[in-house]
Structure formats: C-alpha cells, structure tokens
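Here are my notes on the model you sent. They are arranged as numbered points, starting with the ligand site.

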Amino acid sequence: MLLTDAFAPPGPTELAALERRVQRQLEKPDEPLLKLLGHGEVTLAFAWPAEAPRWACKRLPPSPDRGALRAYAAHVERYIAALRVAGVAVLPTSCHIVDSYPGTGVIFLCQPIVEARRLGPAILRSRAPDAEDPFLNAVLSTVIGVVSPRLAVDSQLSNWADIDGVPHQIDVSTPFTCDALGRPELDSRIVVAPFPWPLRGPLRRWVVPPVLKRYHDPRQSMIDFVANLIKERLEGWIGPAVAVANRLLPSPISVAEAQAYYREDAQLWETTWRAKTISRATTRLMGKTYQFLLPPRTAR
Ligand SMILES: Nc1ncnc2c1ncn2[C@@H]1O[C@H](COP(=O)(O)OP(=O)(O)OP(=O)(O)O)[C@@H](O)[C@H]1O
Ligand SMILES: [Mg+2]
C-alpha cells in the first residue's frame, strides 16, 4: 500500500487522549511525554500515540473562539484542495477541533508519519550535490508552478517528502492564500496567540502581512529555498539550487542575495522565538500554564 493511498485519521478518543497528554506535557515541560518527529519555526510535529505511533500530529494555538477555529480549519482544508488543483501533491492531512483547557478548543492537523529518510533534508544529505538531481528539480518546478498572487507554498526543503518519486508538501498549517485584492486571508489571531499580548496587535498589522506576502513571489520563494540550505548545513547544494532556480526564473538570483536574506530571516525568527519565550516566562510567573508548545531554539 502506498503511504498516500488510504489514510485513516485519528478518531475523537485518540485526539482527546492526545490533548490530555499535551496538557500534562505543558505542566511538566521537563518530562519526555511527547515523541517529537521534528519542528519548524512555528510548529512541532509529534508521533501519536507516543507508545505506538500511528500519526504525525501538529497542534495549533488554542483559542476560546470556536468560530475562529472552525474558519481556520476550513481555510487549511481549502488551501490543501487549492494546492492539489494547482498540481502540488500534498500529504494526506486531516483537520480536527478538539476541546482543550476549559473554555477553549484547539486545532490538530494529522498526517501519516513519513520516514525520516524520505524528508527533503535527508534526501539531499544522502546524495552528491548536482544541478540535475531529480528531487531538487521536481521540488523547485513544483514551487514555480504554484506560487502566484493568490496561492503560495512554503518552498523550504524541510516541507517536502519524496513519496514514490513525487515531492509531497507536508507543511500546511499556515495556509498561504490571498484574496482578489492581494490581501492574505490567514486569520492571524490564532498565529499570534503565543506572543505577549501587547505585541499581538502590532504583529498582526505590521509583521504578519508582509511576511506572508513574500511567499507569493516566485523569486523570493527561490531565494528562501536557497537561503534555507545554509540553515540545513547543506552548503554544497547552494550552487546547484541557484542553477536550477535560474533555469526557472525570468530574472536570476545570486548566492549573495540568498546569504543576505538568510541573515535577515534568521534575525526575524530568532526575535519571534524570544518574544514567545518571554510570554511563556511571564505566564509561568503568574502561576499559569503557558498553553503553547514551542519549538526548541534553532541553531543558526
Ligand atoms: N507527517 C510527518 N511525518 C514525519 N515528520 C514530519 C511530518 N510532518 C512534519 N514532520 C517534521 O516536522 C517538521 C516541522 O513540520 P512542519 O513543516 O509542518 O512545521 P513548521 O515548519 O513549523 O510549520 P509552520 O511554519 O507552518 O508552522 C518537518 O520539517 C519534519 O521534519
Ligand atoms: Mg515546515
């Protein structure tokens, strides 16, 4: 059976047990209660049930606003459908709203677990850098084929898995769509919840929209892909990736551009990570539980 053929999502009992485990984990941060598969800048992916893993699960920030949660989950589903129509293979992903701590709900995105060796970074790490590499070419062609003013994808290598020779997108927790006027449709209230409250308004107004907008630019998406190879310590692949990108783009990108972008991007994510840890520390000082799972600090 192919990984993508039949996907049986978790049921309500399994999801309720998962959220109970998350609550225990949030109260006992030092105990290894969850089995981490990986993390990005925003989301943790963990294997559930931890004792006998069947699903990769990603928990979004909880919210008391059920309407906002339903709208966000519907947006993710619409996004996945739009990507598929645009020719992007997406790993089967189920969206669930589960009761969280009193008065709130939380979205879980669940997927089949992809073996580590099939994930983008492991694939390139296992091969000699080559501008003719089929996986590299397939990923970047897919990105160029989809990125447009209304729809976009996170191009970075860690968001792709090779399933039967086809790159599949695995990272759909941030749905990149814009309306007809070019405004991002993402409900950023959910995304900014882990930040200190005085920062949430300014982030939603001044930071989130421009960050989202850059995913809709094909050239920026290529630069982002190349820059991310620095973080992945895959420097040998930078030259080949620039060569492939420049076969696909009307105006060429350079290694220097990617390096400059990497420094700026690293600063942005480091700052946001720090801001969330401040929120976590102040919440705990008040004797409350910080309700968000934060990725560990990324080495840059
Ligand atoms: N289905 C899966 N099977 C195995 N590992 C996974 C799976 N989904 C995610 N991972 C691992 O977890 C990492 C983070 O997941 P993902 O890319 O969805 O989160 P993220 O980059 O923080 O997303 P976002 O920026 O949208 O919050 C992946 O790069 C990968 O290493
Ligand atoms: Mg990711």
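1. A term first: strands here are DSSP runs of E with at least two residues, numbered from the N terminus. With that in hand, strand 1 gives the most to the shell around ligand 1, namely three residues. At least two shell residues come from each of strand 1 (35-39), strand 3 (55-59) and strand 6 (105-112). Please keep in mind throughout that this is a predicted model.

2. The shell around ligand 1 consists of 22 residues, and Thr43, Lys58, Val114, Asp171 and Ser173 are the closest. Sorted by class, 10 of the shell residues are nonpolar, nine are polar and three are charged.

3. Which residues place polar atoms close to oxygen atoms of ligand 1? In the side chain of Asp171, an N or O atom is 2.7 Å from a ligand oxygen. Ser158 uses a polar backbone atom, 3.0 Å from an oxygen of the ligand. For Thr174, a polar side-chain atom lies at 3.1 Å from a ligand oxygen.

4. The magnesium ion, ligand 2, is coordinated by Asn159 through OD1 and by Asp171 through OD, at distances of 2.0 to 2.3 Å. Asn159 sits in the loop between helix 4 (134-146) and strand 7 (160-163), while Asp171 sits in the loop between strand 8 (166-169) and helix 5 (188-192), so this pair ties together parts that are 12 residues apart in sequence. Is Asn159 buried or exposed? Asn159 has a relative accessible area of 5%, and under 20% counts as buried, so Asn159 is buried.

5. Strand 3, one of the contributors to the ligand 1 shell, is mostly covered, with five of its five residues buried. In a regular strand, side chains alternate between the two faces of the sheet. On one side of strand 3 are Trp55, Cys57 and Arg59, on the other Ala56 and Lys58, and all are buried.

6. What are the pairing partners of strand 3? Strand 2 (residues 44-48) pairs with strand 3 in the antiparallel sense over four bridges, and the two form a hairpin with six residues between them. Within this pairing, Trp55 of strand 3 has Trp48 opposite. Strand 6 also pairs with strand 3 in the antiparallel sense, over five bridges. There, Arg59 has Phe108 of strand 6 as its bridge partner.

Note on methods
Residues numbered from 1 in each chain as written. Chains lettered and ligands numbered in written order. Predicted model: local features only at pLDDT ≥ 70, side-chain atom pairs only at ≥ 80, totals over all residues. Heavy atoms only, no water. Near = heavy atom within 4 Å. Polar contact = N/O pair within 3.5 Å; in protein donor to acceptor, adjacent residues only side chain to side chain. Nonpolar A, V, L, I, M, F, W, Y, C, P; charged D, E, K, R; others polar. Donors = N, O, S within 2.8 Å, 3.2 Å for Na, K, Ca; no water. Buried < 20%, exposed > 50% of the residue type's maximum accessible area, 1.4 Å probe, protein only. Pairing = 2+ DSSP bridges.
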